[in-house]
Amino acid sequence: MTSSKTFENMKIVETRDGSETLYVPDIDEHYHSIHGAYTESMHVFIEKGLHAAMEKFDHIRLLEVGFGTGLNIWLSGNELIPKNFKFHAYAIDIHPIKKDIFYQLNYPEFGNSEVERAFYDTIMRAEWNREVRIASDFYLEKVSADWTSHPLDRQFNLVYYDAFSPKTQPEMWSKELFEKVAAHMMPGAILVTYTSKGEVRRNMEAAGLRVEKIPGPPGKREMLRAIKEDE
Ligand SMILES: C[S@@+](CC[C@H](N)C(=O)[O-])C[C@H]1O[C@@H](n2cnc3c(N)ncnc32)[C@H](O)[C@@H]1O
């Protein structure tokens, strides 16, 4: 059980595509794939999740489990804002990363413009536990809470499930937690996650989601995408 532990000694490490991630020695876990943090986020969450949701919804209502470095939310905003989508993001993390760490991450270098580069800082500096307007149609609520016990009070049409691995945090991948998510997914909503573990897939299916295995990012043959079928 890692949920109640505050991680110390986090280290910034470079991944294969040049983007950085955090390594947590206490649990021997990285925040992203060592085969490329930026590449993994783009593949799993943006291409397989956000793009699929953008085909169905013009207002993206995102739940992220594991806000971490903010990389997924930043990349999502970069996609949605220029295309005039409405974007509400609700992101939960039990251990918000400290300023002295996120200031050093090199993600802004992956931005396509000065606006995108500055935008990372705006997201990371946004106050926790209240909704903050990040851009004209982009609202972000970062919630400092334990996902295993945090009640949800709204519906979502996209879910980024980005906890540490099922091996390290089995309690984050249970049938009960997928039931909680499924109950707060609108008809047609999409959930994506980087793992393809059989037990995770079975727990999602037991929660009533339709689950598909789809090609994963470099270093991972497959990942999971789950859909809340129309009732
Ligand atoms: C794989 S990292 C997330 C990476 C993140 N999405 C990003 O783009 O950097 C897992 C995250 O889950 C958070 N976490 C771990 N246990 C949690 C819990 N019980 N409730 C909420 N967040 C938790 C960790 O603090 C960590 O930030």
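Predicted model: local features only at pLDDT ≥ 70, side-chain atom pairs only at ≥ 80, totals over all residues.

**Exercise 1.** In which sense do strand 9 and strand 11 pair, and over how many bridges?

Residues are numbered from 1 along each chain as its sequence is written, and side-chain values use heavy atoms, leaving out hydrogens and water.

*Solution.* Step one: find strand 9 at residues 185–193 and strand 11 at residues 222–227. Strands (E, at least two residues) and helices (H or I, at least four) are DSSP runs, numbered from the N terminus. Step two: pairing requires at least two bridges found by DSSP. Here there are four, in the antiparallel sense. Step three: pick out a bridge, such as T193 with its partner L224 in strand 11.

**Exercise 2.** What is the strand order of the open sheet of eight strands?

*Solution.* Read it off as 6-7-5-4-8-9-11-10, with mixed pairing. Next, spot the edges: strand 6 (131–135) and strand 10 (210–215) each pair on one side only. Finally, the twist averages 20° from one strand to the next; angles run from 0 to 180 degrees between N-to-C directions, with axes fitted to C-alpha atoms, for helices over the stretch in contact.

**Exercise 3.** Which strands does helix 4 touch?

*Solution.* Helix 4 (residues 114–125) packs on the sheet and touches strand 6 and strand 7, where contact means heavy atoms within 4.5 Å. Its direction makes about 45° with that of strand 7.
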